[in-house]
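Please look through the sequence and the structure shown below before reading on.

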Amino acid sequence: MKKFLITIILVSSTSAATAGGFYIGTSLAFSDTQHASTVKETGNDDITEDVGISGPAFSVFGGYQYDINDTVFTAFELSLLGSRASGDADIDGTKASIDQKTGLGVSVLLGRQLGEGALFGRFGLQQTLYELSAENSSESYDGPHTGYKFGLDYRLPLNDSFQVQMGWSRTFYSEETYYSRPGTGYSLNFEPTESLFELAIAKKF
């Protein structure tokens, strides 16, 4: 029994100490975004409504992990998001659809080994493109939104090279103007807040 425990401790320590280096991965995700839609017009009160969209998404990511010691690590990560999340809305009396398109993010991770697994948090910047399409119109309006991303992930090794991880993140995006009428003081603005749930697999090098 003692030999077995010593073996487990040695394996865990080796795994933690050699976890640093480059990695790449891909994930399947579910995106849920709440848009604060605001119609502004000079001389009238602002009209704000919440519009929700949701749907499947995927991402590819890569980064470099640096081990601070045997149990604590940090990492720098880049990610590219593709999404099919969408939803219908009634914007100022006009039926429309909102779609999430693509996103690009950069994150800093800080984590700790917990036995064979690891728990880590993330903080980053994310830029994501959302598109608004009005019914019975060939025109569309889009806004690339930039925001701060916070998240929490847990991962487990599958073998010496591959690991699986589950994560949740929330991104608070900037407000952007999608449409305005020059000289009238009228504008349509959106401020998204996104929750993203991911299941990923990554390869270490």
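## F190 and its surroundings

In this predicted model, F190 is in contact with H35, A36, S37, I91, I98, L132, H145, S174, E175, E176 and Y178, when its neighbours within four places in sequence are left aside.

## The nonpolar cores

F190 is also one of the residues with the most contacts inside the largest nonpolar core, which has 15 residues; I91, I98, L132 and L188 are the others named for this. At least two residues of this core are supplied by each of β2 (47-67), β4 (86-91), β5, β6 (117-134) and β10, and the largest share, 3 residues, comes from β10. Apart from this core lies another, of 9 residues, among them F61, F120, A200 and A202. In soluble globular proteins, nonpolar side chains tend to be buried together.

## The chain as a whole

The secondary structure of the protein comes to 1 helix and 10 strands, and from the N terminus on, the elements run α-β-β-β-β-β-β-β-β-β-β. Of the 205 residues in the protein, 40% are buried. Among contacts between residues at least 6 apart in sequence, 63% join residues at least 24 apart.

## Aromatic pairs and charges over rings

The count of aromatic pairs comes to 9. In one of them, the rings of F150 and F172 have their centres 6.4 Å apart and their planes at 65°, so the pair is edge-to-face. F150 lies in strand β7 (residues 140-157) and F172 in strand β8 (residues 162-173), so this pair ties together parts that are 22 residues apart in sequence. F150 counts as partly exposed at 38% relative accessibility, and F172 is likewise partly exposed, with a relative accessible area of 41%. Together with F123 and Y148, the residues F150 and F172 form one aromatic cluster.

The charged end of R155 sits over the ring of F73, 4.7 Å from its centre, while the charged end of K203 sits over the ring of F205, 5.4 Å from its centre.

## Salt bridges

The count of salt bridges comes to 4. One of them joins E175 and K40, with the closest N and O atoms 3.7 Å apart, and this pair links distant parts of the chain, since E175 is in the loop between β8 and β9 and K40 is in strand β1 (residues 21-40), 135 residues apart. Both ends are partly exposed, E175 with a relative accessible area of 35% and K40 at 28% relative accessibility.

The side chains of E77 and R122 meet in another salt bridge, at 3.1 Å from N to O. E77 lies in strand β3 (residues 72-83) and R122 in strand β6, so the pair ties together parts that are 45 residues apart in sequence. The side chain of R122 also meets that of D153 in a salt bridge, at 3.2 Å from N to O; R122 lies in strand β6 and D153 in strand β7, so this pair ties together parts that are 31 residues apart in sequence. E77 is buried, R122 is buried with a relative accessible area of 11%, and D153 is buried with a relative accessible area of 5%. Salt bridges that share partners join E77, R122 and D153 into one network.

## A buried charge without a partner

D99 has its place in strand β5 (residues 94-114). D99 is buried yet has no salt bridge, and the nearest side chain of opposite charge, K101, is 5.0 Å away, whereas a salt bridge requires the nitrogen and oxygen to be within 4 Å. Not counting residues up to four places away in sequence, D99 touches I53, A85, S86, L129, Y130 and E131.

## Y179 in strand β9

Y179 is found in strand β9 and is partly exposed, with a relative accessible area of 29%. Leaving aside neighbours within four places in sequence, Y179 is in contact with Y141, Y186, S187 and L188. The C-alpha atoms of Y179 and Y141 are separated by 6.9 Å, although these residues are 38 residues apart along the chain.

Methods. Residues numbered from 1 in each chain as written. Predicted model: local features only at pLDDT ≥ 70, side-chain atom pairs only at ≥ 80, totals over all residues. Heavy atoms only, no water. Phe/Tyr/Trp six-rings, centres within 6.5 Å; stacked < 30°, edge-to-face > 60°. Helix = DSSP H or I, 4+ residues; strand = E, 2+ residues; numbered from the N terminus. Buried < 20%, exposed > 50% of the residue type's maximum accessible area, 1.4 Å probe, protein only. Lys NZ or Arg CZ within 6 Å of the ring centre and 35° of its normal. Lys, Arg positive; Asp, Glu negative; His and termini not counted. Contact = heavy atoms within 4.5 Å. Core = buried A, V, L, I, M, F, W, Y, C linked by side-chain atoms within 4.5 Å.
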